[in-house]
Amino acid sequence: MIYNQKNNIINKQIDEIFNLAEIGILAEAKYFTDWDLIKDEVIELCFNDGELDSIVQENDIGYYLETKNDGLKTKLIQKLGTDDSHTLFQYVIDNYDSDEIAHQIYYNILSDYYEMQKNELLREFAIDNNIYRRISFNGDIQTLISIIEKDGTGNCWAKNFNTSEAYYGGDEKYDYVFQGEATMENVDWKQTIYLRMVADYEDEIRLKRNAPIKVESIIIEEYNGSTFIGSTNYEYNKLLSVGSKYVY
């Protein structure tokens, strides 16, 4: 459920912090991003991409109708001629794409969810700007580096080491985990926030295509089948391009 008192308090506190902060990476975030414009674009994506049911849960709608006092519930009761909670609930679910009131309820839920994800991302970047990309590959580190330097790193990264995942791996012997430094202007905030709204557990950071990315180091993890053997750290410290396509 995305609506609860704790999240509302946290969001207000975070907003106050960021409204007062005018230095460093937080100032960059304000300068490079029109958050209100991105919000409308992200919400439009949510309505049109087929993932809406995975973002807005039924209990979100029930909680909204039960606790919000923004006039929409009153208008809905007047429209339907009943205050039966099940009838109101089912009408909103069935008619969000054709009824203005039901659509606005969904929009408000998505708007609050957007603000929560935006604030969480800003909190993460206030701590540090490290991001991680994991690649499963059978070859050695020099072979992989030659490919990455030629084709780009790929634009799908994670904010945390433990949530980086090699989606295209199979039975590769090595996982190479790239640690990079993201800059605020090179993050694709529209896609990043949208993907967080769809699956926030992945800690996705989506970079703009062809953006520069500084790779500080590469962690080499060796496996025997699914058994982890050990890891070593490869110092790299080089500026690369994200590239224009997915790599591994």
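In the predicted model, Tyr-174 has Glu-222 of strand β5 as its bridge partner. This contact belongs to the pairing of β3 (residues 174-181) with β5 (residues 212-224), which is antiparallel and spans eight bridges. Strand β5 also pairs with β6 (residues 227-241), again in the antiparallel sense, through 12 bridges. A hairpin is formed by β5 and β6, with two residues between the strands. Gly-225 lies in the turn and has a positive phi of about 70°.

Across the whole structure, 12 salt bridges were found. One of them joins Arg-134 and Glu-221, with an N to O distance of 2.6 Å. Arg-134 is in strand β1 (residues 130-137) and Glu-221 in β5, so the pair ties together parts 87 residues apart in sequence. Both Arg-134 and Glu-221 are buried. Shared partners link Arg-134, Asp-175 and Glu-221 into one salt-bridge network.

Lys-68 and Asp-112 form another salt bridge, their closest N and O atoms lying 3.5 Å apart. Lys-68 sits in the loop between α5 (58-67) and α6 (72-80), whereas Asp-112 belongs to helix α8 (residues 100-127), so parts 44 residues apart in sequence are tied together. Lys-68 is partly exposed at 32% relative accessibility. Asp-112 is likewise partly exposed, at 29%. Glu-115 and Lys-118 also form a salt bridge, at 3.0 Å from N to O. These two residues are three apart in helix α8, a separation of about one helical turn. Lys-118 is buried, with 11% relative accessibility.

Asp-34, Asp-36, Asp-40 and Glu-44 make up a negative surface patch. Asp-34 lies in the loop between α2 (24-32) and α3 (35-48). Its relative accessible area is 45%, so Asp-34 is partly exposed.

Definitions and conventions: Residues are numbered from 1 along each chain as its sequence is written. This is a predicted model: local features need pLDDT of at least 70, side-chain atom pairs count only at pLDDT 80 or more; totals for chains, interfaces and linings use all residues. Side-chain values use heavy atoms; hydrogens and water are left out. Patches are made of residues with over 30% relative accessible area and no salt bridge: like charges are joined within 9 Å, nonpolar side chains (Val, Leu, Ile, Met, Phe, Trp, Tyr) within 5 Å. Accessible areas come from the Shrake-Rupley method with a 1.4 Å probe; for residues, only the protein chains shown count as cover. A salt bridge is a side-chain nitrogen of Lys or Arg within 4 Å of a carboxyl oxygen of Asp or Glu. Lys and Arg count as positive and Asp and Glu as negative; His and the chain ends are not counted. The place of a charge is taken as NZ of Lys, CZ of Arg, CG of Asp or CD of Glu. Helices (H or I, at least four residues) and strands (E, at least two) are DSSP runs, numbered from the N terminus. Buried means under 20% relative accessible area, exposed over 50%, partly exposed in between (1.4 Å probe, protein chains only). Two strands pair if DSSP finds at least two bridges between them.
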